[in-house]
Amino acid sequence: MTIEASTAKPARDMRDRARVNAYELTDVRRYFTKNRQTIRALDGVDLTIARGEFLAIQGPTGQGKSTLLSILGGLDHPTAGRILFEGRDLATLHEVELAELRATAFGFAFQTFNLIPTLTAQENVEAALVPFHTPSDQGRQRAKEALDTLGLGDRITHFPSELSGGEQQRVAIARALVKGPKVLLADEPTGNLDEQMRDEIVGVLEGLWRDRGLTLVVVTHDSTVARRAQRIAVIAGGRVRSPEGHDTALKRL
Amino acid sequence: MVALGIAIGIGLVLTVSATASGVKTAQGDVLHALYGIGTDITVTKTVTPGTGGPQQFGGFPSGSTQISRETLRPAPGQSTMPSSDVSKVASLPGTAVATGGLVLTDTSLSGTIPSFTPGTRPSTTVPSGSGPSFSISSFSVDGVQISTSGVGPLGPAQMTVGRYFTSAENTTHVAIVSSSYATQNSLKVGSTVTVAGTALSVIGIAQVASGAADVYIPLGTAQNLSGLGDNVTTIFVSATSATKVSALASEIQKALPGTTVSTSADLAQEVTGSLSSVSKLATSFGTWLAVAALVVAFLIAGLLMMAAVSRRVQEFGTLKAIGWRTRRVVEQVMAEGLALGIVGGVIGILLGIAASAIISAIAPSLSATFGPSYATGGRAGFGGGFGGGFGRALAGSRTVLVHLTAPLPGGMVGIAVALAIAGGLVAGAFGSWRAARLRPAAALRRVE
């Protein structure tokens, strides 16, 4: 098993922030059984992600990128292996503990935005505060501030269907950020957007990463997005490859 | 769809309940018609077989002749009791009120009849065509003991036009007619009605149950006109308590041997015909149908709720992904199920009200037939004077037509609300079961 990573874009001083790793994955496997066949979505992944790092995960379709992101975010349990997040092994945590981590430490942005269609932008963001039992007036205020930060202060009462794709993704990012997570996990966040909106969303993510010291992990097909990351982990055949820099890593794809 | 499933179930339950309630009301109408308002027990006496003998309209002259006869007699097969029996019953412990009555039939025969030897039973076939012919008409007459107690075939509360009898009118020539008889014969207060060949002045019109008597006259007048003397055919008894009815019936039977003592419960069991069929249908099959419909509706609602949750797999997966615990997601689904149940309940209640109104509007009349032991209702109709055997044969049954309505019992609306909530919770439970098993990773499932 090889772990490949490169530091090609030292956008800020990593030496202090990477002193402690956010994630340490050791021989992580995730197998699914479908029609009596075993699908090895992850087949021995070893990967370390530093605190405050911006990592892009790339690879061909169906090679385990989203499965890896699910496991990093405590959305799924591995079949085998160890996933240390700040010293806690996610593989051994109970669902209730994982739910608590998802509520407090992890923020998600999805390709399809995953907003609740019957709720307004503000209510969608407030939904992330439900696990905290935040009083409704405080919840509304915090949701409004998060939307303001993402430039949507004037769209808080709009429903998802009344927003553009870029705006919907910004609402989803506001929902991820309103609780102050340590890690932001984005699954093809620009997959449903045109080039202009893609650049806008990547700019938003990069800005948040830089300003808030988040660990940012982005699964993407888009090389333009991947080039903005500090490091690219290429996943193929259920394993992480490519120790080279961006250019070498991208050529392998 | 979930709400609609619950609505149909609730609507069906309400419809069946309303129909059952309507049938019960119809039965009550029938029993009142036979029994009298406020009556718990009736006492009658039937003619002992073999002692009745042929009954005739009187000595017909021999040879073919024009005749016109009117008689006022008790119902065929029914005998009389002395009025003192009423006092005996009234003095029994457990009796609140006892009144006597004469249940009679006024039968008119007119036309030409062939000669025959008196005592020989004539043909029961009414001749037609150019040969000997006659016409028969009859109406029912109740002799009413004047009382304000309301126990008996007619009470003051039933008067719609005019007035009830006064205590001074026990032997006077006055009559009260039923509203249907008044309409048929264009009678009003002040009109005259002829009973047993005697003209009586109509002093009031009463609203009585369908199948009840046509004309009501004071008991004394009835005794005089029928020639029955100080006798009654029926004793109407009201018990001091509903729980004492059965015991009182036994006491009366002991005090008046040879009489037929019947309670309203006995009578209800004797009801046959379409009313009885509908009653049985409504109470047994209808109940099971409603229960089955409700169970099926709840199951369908539950499955639809599961399907709805499955369609929203990404939504619930997302809620789990952003940190909602499974319990909180389940609460959300249950709350949605409850809301849908309430919406379904409201729609179902409206459906039930609509169905009840439709049934009341289009339901046909139902017939109820009573057995021979309840001679209070065994009005002669056609029979009367053509010989005891024939008369008794007709006395075997009486049919009453009642219009079926389907009033929605007030309590059922409350039950419907409870059922709707239960249905919503069942649907929510199905949906929650599905939602609880969703993996948060479902949020990552991409929509193509």
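Q: Looking at chain A, what share of the contacts between residues at least 6 apart in sequence join residues at least 24 apart?
A: The share is 73%. Two residues are in contact here if their C-beta atoms, placed from the backbone, lie within 7 Å. This is a predicted model, in which local features need pLDDT of at least 70 and side-chain atom pairs count only at pLDDT 80 or more, while totals for chains, interfaces and linings use all residues. Residues are numbered from 1 along each chain as its sequence is written, and chains are lettered from A and ligands numbered from 1 in the order in which they are written.

Q: Thanks! How many helices and strands does chain A have?
A: Chain A has 9 helices and 10 strands. Both are DSSP runs numbered from the N terminus: helices are H or I with at least four residues, and strands are E with at least two.

Q: And how much of chain A is buried?
A: Of the 253 residues in chain A, 48% are buried. A residue is buried if 20 or more other C-beta atoms lie within 10 Å of its own, exposed if 12 or fewer, and partly exposed in between, with C-beta atoms placed from the backbone.

Q: OK, sheets now. What's the strand order in the open sheet of 6 strands?
A: The order is E6-E7-E8-E3-E9-E10 in chain A, and the pairing is mixed. Two strands pair if DSSP finds at least two bridges between them.

Q: Which strands sit at the edges of that one?
A: Those are E6 (106-109) and E10 (239-241) of chain A. Each has a single partner strand, so one side of each has no neighbour in the sheet. From one strand to the next, the twist averages 25°.

Q: How do E3(A) and E9(A) run, parallel or antiparallel?
A: They run parallel: E3(A), residues 54-58, and E9(A), residues 231-236, are joined by 4 bridges. Within E9(A), Val234(A) is the bridge partner of Gln58(A).

Q: Which helix lies across E3, E7, E8 and E9 of chain A?
A: That's H2(A), residues 65-72, which runs at about 155° to E8(A). Axes are lines fitted to C-alpha atoms, for helices over the stretch in contact, and angles run from 0 to 180 degrees between N-to-C directions.

Q: Is H2(A) mostly enclosed or open, and why?
A: H2(A) is largely enclosed by the rest of the structure, because 8 of its 8 residues are buried. Among them are Lys65(A), Leu68(A) and Ile71(A). Just after H2(A), Gly74(A) takes a positive phi of about 70°.

Q: Now the sheet with 4 strands: what's its order?
A: This open sheet of chain A goes E2-E1-E4-E5, with antiparallel pairing. Its edge strands, E2(A) (37-50) and E5(A) (88-89), each pair on one side only.

Q: How many bridges join E1(A) to E4(A)?
A: There are 5, between E1(A) (residues 21-34) and E4(A) (residues 80-85). Tyr23(A) stands opposite Phe85(A), and Leu25(A) is opposite Ile83(A).

Q: What about the hairpin of E4(A) and E5(A), which residue there takes a positive phi?
A: Glu86(A) does, near 50°, and the hairpin has 2 residues between the strands. E4(A) and E5(A) pair over 2 bridges, with Leu84(A) standing opposite Asp89(A).

Q: Switching topic: how many residues are in the largest nonpolar core?
A: The number is 117, and the residues with the most contacts inside this core are Leu147(A), Ala174(A), Val217(A) and Ile6(B). The largest share, 13 residues, comes from H1(B), residues 2-35. A nonpolar core is a set of buried Ala, Val, Leu, Ile, Met, Phe, Trp, Tyr and Cys residues joined through C-beta atoms within 7 Å.

Q: What is Val217(A) in contact with, leaving aside its neighbours within four places in sequence?
A: Its contacts include Ile49(A), Leu55(A), Leu69(A) and Leu185(A).

Q: Last one: how many residues of chain B are in contact with chain A?
A: In chain B there are 18, in contact with 21 residues of chain A. H8(B) gives the most to that side of chain B, with 5 residues. By class, the side has 9 nonpolar, 4 polar and 5 charged residues. Ala, Val, Leu, Ile, Met, Phe, Trp, Tyr, Cys and Pro count as nonpolar, Asp, Glu, Lys and Arg as charged, and the others, Gly among them, as polar.
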